[in-house]
Amino acid sequence: MPQDGEDKVAKRPNGAAGVWALYLNALKTNPIRTKALSSALFSVFSDLISQRLRGEKSLNVRSLVNQFIIGALLRGTVIHFWHTILEAHVKGPSAMWKKLALDQTVFAPSFNCLYMYTAGLLEGRSLSASTAMVQNTLWTIVKNNWRVWPAAMLLSFYAIPPHLRVLWGNLVGLFWNVYVVTATSKTK
């Protein structure tokens with residue numbers, strides 16, 4: 001006969017299933033912190049890939065820290081609240097299409113602009129230099145955004161449960177973020 005606690009340990013999944021179970025439990029108990037941390041980690045990984053693609057000779061730790069901050073504060077938190085707002089206010093038979101339209105016409109340009117200003121300031125650019133970067137780069141990034149994100153978001157709104165949409169965005173965004181970090185990097 002098992003001792004107290006042994007049943008729970010014996011039933012706990014191992015490996016990827018165990019990590020997934022821990023993640024889902026963390027989403028239930030502290031969704032914002034969980035999404036912020038997972039987004040921060042995906043952002044750091046994207047930056048590592050970007051640094052490699054740019055041929056940086058040594059690891060740019062400041063950039064990794066900046067991307068951790070951006071991932072935690074912007075990608076995890078802001079996007080969590082965006083999805084919460086969409087779920088609460090956009091209803092009905094055409095909700096998926098309305099969410100997609102709002103996401104791509106209102107949120108995507110605004111979020112990319114916010115990202116670019118935040119990244120610029122964290123990299124030590126002045127406000128005027130960050131503004132110039134936004135003016136020179138935002139439209140190109142938004143147009144490229146529209147090549148990737150509408151399909152990803154349509155699938156998200158159709159098939160991904162709301163509590164997993166930030167994670168889905170992180171998975172798709174792993175590659176998108178490599179592009180954006182590379183396109184807006186101070187070393188460009």
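Q: Before we get to any residue, what counts as a helix here?

A: Helices are DSSP runs of H or I with at least four residues, numbered from the N terminus. Keep in mind that this is a predicted model. With that in hand, serine 63 sits in helix 4, which covers residues 61-89.

Q: Is serine 63 buried or exposed, and why?

A: The cut-off for buried is under 20% relative accessible area. Serine 63 comes out at 10% relative accessibility, so it counts as buried.

Q: Which residues does serine 63 contact once its neighbours within four places in sequence are left aside?

A: Those contacts are with Asp47 and Gln51. As for serine 46, it is 17 residues from serine 63 along the chain, and the two C-alpha atoms are 11 Å apart.

Q: Let's move on to cavities. How many cavities of 30 Å³ or more are there?

A: The idea is a set of points where a 1.4 Å probe fits but cannot get out. Counted that way, there are 2 cavities of 30 Å³ or more.

Q: Which residues lie nearest the centre of the largest cavity?

A: Look for Ile79, Phe107, Phe111, Trp149 and Trp176, out of 21 lining residues. Two of these names come back elsewhere: Phe107 and Phe111 form one aromatic cluster with Trp82.

Q: Which helices supply at least two residues each to the lining of the largest cavity?

A: Helix 4, helix 5 (95-122), helix 6 (127-159) and helix 7 (165-184) each do that. Helix 7 has the largest share, with 8 residues. If you sort the lining by class, you get 10 nonpolar, 8 polar and 3 charged residues.

Q: What lines the second largest cavity?

A: Here we meet serine 63 again. The lining is made of Asp47, Ser63, Asn66, Gln67, Ile70, Tyr115, Ala119, Leu122, Glu123, Val181, Thr184 and Ser185. Helix 4, helix 5 and helix 7 are the elements that give two or more residues to this lining. Helix 4 gives the most, with 4 residues. By class, the lining of the second largest cavity has 5 nonpolar, 5 polar and 2 charged residues. Asp47, one of the lining residues, is also a contact of serine 63.

Q: Now the rings. How is a pair of aromatic rings described?

A: You give the distance of the centres and the angle of the planes. In this model the count comes to 5 aromatic pairs. Take tryptophan 20 and tyrosine 23: their ring centres are 5.9 Å apart and their planes lie at 20 degrees, so this pair is stacked.

Q: Which aromatic pair is edge-to-face, with 85 degrees between the planes?

A: That would be tryptophan 139 and tryptophan 146, with 5.7 Å from centre to centre. Tryptophan 139 is exposed, with a relative accessible area of 51%, while tryptophan 146 is partly exposed at 36% relative accessibility.

Notes. Residues numbered from 1 in each chain as written. Predicted model: local features only at pLDDT ≥ 70, side-chain atom pairs only at ≥ 80, totals over all residues. Heavy atoms only, no water. Buried < 20%, exposed > 50% of the residue type's maximum accessible area, 1.4 Å probe, protein only. Contact = heavy atoms within 4.5 Å. 1 Å grid on protein atoms, 1.4 Å probe; cavity = no way out; pocket = protein on both sides within 12 Å on 5 of 7 lines; lining within 4 Å. Points joined across faces, edges and corners; volume = space filled by probe spheres on them. Nonpolar A, V, L, I, M, F, W, Y, C, P; charged D, E, K, R; others polar. Phe/Tyr/Trp six-rings, centres within 6.5 Å; stacked < 30°, edge-to-face > 60°.
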